[in-house]
Amino acid sequence: MRLRTAAVIAAVLTVLCCVGTGVIGGGYRMLTSSASAGCDVSVDPDLSSPKVGDLNDEQRHNAAMIIAVGRQKKVPARGWVIAIATALQESNLHNLGDLGANNDHDSLGLFQQRPSAGWGTPAQILDPVYAAGKFYDKLITIADWATIPLTEAAQAVQISAYPDAYAKHEPLATALVNAQGPSGDLGLGCADMALGTAEPAPRNPDGTWPEESCSIVPDPTTGAGCLTPRTLHLVQQATAAGFPKPGCYRVDDHGEHPKGRACDFMMTSGGEASGAQKARGDAMAAWAVSNADRLGIKYVIWFRMIWTQTQGWHAYNNPFGGNDPSGWHTNHVHISMY
């Protein structure tokens, strides 16, 4: 089972050539790795990311360019998140020229790279493709860059006076990487490759989800309460994919748990996930989103982010939880079902 999980994590963290898209009901698509070694990926100057947060067209375009360069250079998807978070901190995803008296020394461009520090000529640094490429070239030389905290990896590249400033941009950067628009927006040109395709849950002849009662008694994950058949199917498919046994039914005054339509998949024994635990949670969340239409998944919550059919990944505001890893879902992946 550990080998299966490791394989799924590798599918998330390693992008061998390009990225395909698993269709999700709301028009957004979850990035999935492709093993097609021969696909040809070019950087389209008209790229644009989907609408995420309050970013304007220029910012979304620059985020898409950063992702495309990462794909082209075969940098794993974690690197794209680090690069976008860095650009959000340094320039708010604007390709900044010389700001005169407001300029920080001779810093320029998306990553505020300095000609005097050897990053390139001003003209080169102001080319987003060149600037992103130089960032990735430096990033991949950092030991353990894919598993250390994002802010440490970014700081190792940037050598900023504010070494902890990058961390706050991780949720938005993750959303930009995860929530991609319709096929063609990123000029993918590669066949889809799922993170692990689940067996579909039964639908009505018209494609809708059948109404289900909480009829599986007791819930096999907790030994109490009940589950709907569709939630049990989720548990079985997640187990087959190598993910940890969840806890599903619980007594509560809100949400889907007391209805037998939600499960929590723990990545830690209680504390916030990091390193391999975080990667496992990323893989679980990616698997869930890529299979949402097959399984009847309503929403997914993981690491301060929530995915829904209509909005894709966006910030989670923690309306019911405490100010702790459980409340912010940084120690478990929550999945709610239709």
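**Burial, helix packing and aromatic pairs**

User: Is Ile 301 buried or exposed in this predicted model?

Analyst: In this predicted model, the relative accessible area of Ile 301 is 5%. Buried means under 20%, so Ile 301 is classed as buried.

User: Which residues is Ile 301 in contact with, leaving aside its neighbours within four places in sequence?

Analyst: Ile 301 lies in strand β5, residues 297-302. With those neighbours left aside, its contacts are Ile 306, Tyr 316, His 329, His 332, Val 333 and His 334.

User: How do helices α3 and α5 pack, and which residues of α5 make the contact?

Analyst: Helix α3 (residues 77-91) packs against helix α5 (residues 128-139) at an angle of about 120 degrees, with the axes 11 Å apart. The angle makes α3 oblique to α5, and the crossing is right-handed. On the α3 side, Gly 79, Trp 80, Ile 82, Ala 83 and Thr 86 take part; on the α5 side, the residues are Phe 135, Tyr 136 and Leu 139.

User: What kind of aromatic pair do Phe 135 and Tyr 136 form?

Analyst: Phe 135 is buried at 0% relative accessible area, and Tyr 136 is likewise buried at 0%. Their ring centres are 6.2 Å apart and their planes lie at 75 degrees. Planes over 60 degrees apart count as edge-to-face, so this pair is edge-to-face.

User: How many residues apart are Phe 243 and Trp 287, which form a tilted aromatic pair?

Analyst: The ring centres of Phe 243 and Trp 287 are 5.6 Å apart, with 55 degrees between the planes. Phe 243 is in the loop between α8 and β4, whereas Trp 287 is in helix α9. The pair thus links distant parts of the chain, with a separation of 44 residues.

Technical notes: Residues numbered from 1 in each chain as written. Predicted model: local features only at pLDDT ≥ 70, side-chain atom pairs only at ≥ 80, totals over all residues. Heavy atoms only, no water. Axes fitted to C-alpha atoms, helices over the stretch in contact; angles between N-to-C directions. Helix = DSSP H or I, 4+ residues; strand = E, 2+ residues; numbered from the N terminus. Parallel < 35°, antiparallel > 145°, perpendicular 65-115°, else oblique. Left-handed = near helix turned anticlockwise from the far one by under 90°. Contact = heavy atoms within 4.5 Å. Buried < 20%, exposed > 50% of the residue type's maximum accessible area, 1.4 Å probe, protein only. Phe/Tyr/Trp six-rings, centres within 6.5 Å; stacked < 30°, edge-to-face > 60°.
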